[in-house]
Amino acid sequence: MLYNKHIENISSINNEFRYYKTIESLFELDQWSSLPSEGVTYRQQVAAHIADQKANLFFSDKAKQAADFFLNSDLNSIDDDIERALVRTFLFRYKNAVHTPEELIRQYNLIKADTMNAWKLARKEQDFQIFLPYLEKVFELKKQIALSIEPNKPAFDTLMSLNDEGANAEQISCEFNVLSNGLKSLLDKIKSSDVKPSVLSFEDIPTHMEAFARRLTCESGYKESCGAFNNQVVHGFASFLGPRDSRISTPIHGRFDLIFTYLHEAGHSMYCSGGNDKVNNANLWGGIEGGFHEAMARFNENMIGRSYEYWQYYFPQLQAEFPAFNDISLDDFYLSMNAVNPSVKRISSDEVTYNLHVILRFEIERDYFLGKLDCCDIEKRWNELYKKYLDVCPENPTEGVLQDMHWAGDYIGYFQSYALGNIYSGQILQAINSDIPDFKSDIKNGKFDRLNNWLNENIRQYGCIYTASELAEKISGKSLDAKPFLDYLNNKYSKLYKLKDCDK
Ligand SMILES: [Zn+2]
């Protein structure tokens with residue numbers, strides 16, 4: 001039967017695609033950890049060859065025939081979840097590979113390095129004008145590339161979809177409005193609170209803190225038999241190398257927030273390695289990329305790792321390991337680690353203000369691609385939005401519009417993922433609370449089994465067979481809903497900052 005033949009071909013293309021992705025992830029891990037400077041040139045040649053082989057998978061006759069067969073069919077008519085996912089991911093990759101215009105990509109690649117250099121120079125000189133001509137060029141090229149891939153779709157939706165499959169700016173804008181209004185109102189109340197957290201400045205021997213963070217990570221459910229730790233990098237990340245192989249890379253330092261870097265990456269890794277046998281055999285392991293993956297990481301980092309119950313269990317152990325903490329109470333420690341400080345810097349922001357940083361970047365990108373904002377007005381808009389959302393003003397473009405490398409580093413249509421991650425993490429928490437209302441009592445006793453069993457059964461086992469919207473709907477009844485995340489923050493921060501009339 002023709003259907004079975006095409007499924008077989010799509011499945012073998014998917015296998016090869018995943019093998020190439022594993023090689024690319026290994027290269028990335030190696031590049032940030034131990035690739036020697038004189039090894040870079042040859043590695044780039046190998047990486048370019050692998051990228052070509054990966055793209056070529058979609059130019060074969062069997063790929064074209066399978067695409068023709070399924071392109072105009074209704075995917076919902078495919079009953080089998082695995083087969084439907086294989087077809088969906090195949091068509092998505094096929095369209096991107098076949099319709100990506102080579103000439104535009106060539107032009108984009110030609111200015112990529114110069115764009116990054118211009119951004120670095122602009123930061124050094126604190127002058128947005130140095131970066132502006134490059135920004136104009138890369139935004140315009142990205143728009144044309146997106147319109148070549150999907151001529152009938154808004155360019156920004158196509159760009160976002162490369163990271164968050166199916167992303168739709170209209171729907172996201174709606175939820176981001178709900179989120180930003182709620183956050184602003186919470187932030188105003190926090191600012192008028194009398195509670196003032198102290199600043200924790202603690203630093204111990206890096207290897208000592210690392211050993212502690214690794215123990216907590218393993219106790220939270222991360223299995224070293226399905227991964228490994230690596231401390232040779234500057235920023236934390238997780239590498240997805242196989243269905244039972246997800247590595248955690250982190251920097252090494254002696255501050256206690258190293259624990260949160262570990263818990264974040266462990267959230268990604270445990271999600272990656274939690275696929276069931278059917279999912280793994282079909283090479284659909286790894287979890288849903290983009291916002292949903294971020295949700296699993298932020299859930300582990302913040303909703304578990306920064307919760308009061310977590311530290312009810314671990315704070316005495318932290319004090320036993322690091323006696324400097326004997327001078328502070330659990331309550332003050334908990335307040336300090338969750339302190340809210342509106343600032344101009346996204347990277348070091350807290351749970352409440354973080355999303356405002358992200359939403360304003362999303363709005364700038366969206367408005368540019370809608371034709372409502374010119375590149376030359378981006379710096380001005382940036383500063384206006386910081387004033388509006390966070391009531392702060394960057395002193396210069398280096399700490400303002402030039403702070404993130406994303407637009408210089410080929411991450412355009414990417415910022416939404418961070419805030420989507422937080423929204424989905426709220427929906428996950430809501431679903432767990434409804435199924436296991438007393439799960440926090442486990443956390444208070446250092447027990448993670450019931451939580452991990454729930455996450456395995458309801459999320460991790462499915463790998464990437466569903467889209468983020470489908471899975472969010474399956475667990476919480478809604479495809480995207482900012483309210484549970486806002487409820488979580490309002491609840492947590494009204495207790496922390498002793499807020500009176502909080503809209504809980
Ligand atoms: Zn992450």
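D391 is located in the loop between α16 and α17, where helices (H or I, at least four residues) and strands (E, at least two) are DSSP runs numbered from the N terminus. The structure is a predicted model, in which local features need pLDDT of at least 70 and side-chain atom pairs count only at pLDDT 80 or more, whereas totals for chains, interfaces and linings use all residues. Residues are numbered from 1 along each chain as its sequence is written. Although D391 is not a glycine, its phi is positive, at about 55 degrees. Most residues other than glycine have a negative phi. D391 counts as exposed because 12 C-beta neighbours lie inside 10 Å; by the criterion applied, a residue is buried if 20 or more other C-beta atoms, placed from the backbone, lie within 10 Å of its own, exposed if 12 or fewer, and partly exposed in between.

A positive phi is also found at N283, again a residue other than glycine, with a value near 60 degrees. N283 belongs to the loop between α11 (277–281) and α12. N283 counts as buried because it has 24 C-beta neighbours inside 10 Å.

Helix α16 (residues 378–390) packs with helix α15 (residues 354–369) at an angle of about 145 degrees, the axes being 10 Å apart. Axes are lines fitted to C-alpha atoms, for helices over the stretch in contact, and angles run from 0 to 180 degrees between N-to-C directions. The crossing of α15 past α16 is right-handed, a crossing being right-handed if the near helix is turned clockwise from the far one by less than a right angle, and left-handed if anticlockwise. On the α15 side the contact is formed by L356, L360, E363 and I364, and on the α16 side by I378, R381, W382, L385, Y386, Y389 and L390; contact requires that the C-beta atoms of two residues, placed from the backbone, lie within 7 Å. Nine of the residues in this contact are nonpolar, none is polar and two are charged. In this classification Ala, Val, Leu, Ile, Met, Phe, Trp, Tyr, Cys and Pro count as nonpolar, Asp, Glu, Lys and Arg as charged, and the others, Gly among them, as polar.

An open sheet of three strands shows mixed pairing and the order β1-β3-β2. Two strands are taken to pair if DSSP finds at least two bridges between them. The edge strands, each pairing on one side only, are β1 (229–230) and β2 (237–242). β1 and β3 are parallel and share two bridges, with S249 of β3 as the bridge partner of N230. β2 and β3 (residues 245–249) are antiparallel and are joined by five bridges. Across this pairing, A238 stands opposite I248 and S239 stands opposite R247.

In helix α20 (residues 468–476), the buried residues are A468, S469, L471 and A472. These residues lie on the same side of α20 because they cover an arc of only 165 degrees around the axis, the arc being that of the directions from the helix axis to the C-beta atoms. The packing partners of the buried residues of α20 are α12 (291–304) and α17 (416–435). Just after α20, G477 adopts a positive phi of about 85 degrees.

Two further helical residues were examined individually. Y314, in helix α13 (residues 308–321), is buried because 20 other C-beta atoms lie within 10 Å. Y314 and N445 are separated by 131 residues in sequence and by 9.1 Å in space, C-alpha to C-alpha. S336, in helix α14 (residues 330–337), counts as partly exposed because it has 15 C-beta neighbours inside 10 Å. When residues up to four places away in sequence are not counted, S336 touches P197, S198, V199 and L200. S336 and A48 are 288 residues apart in sequence, and their C-alpha atoms are 47 Å apart in space.
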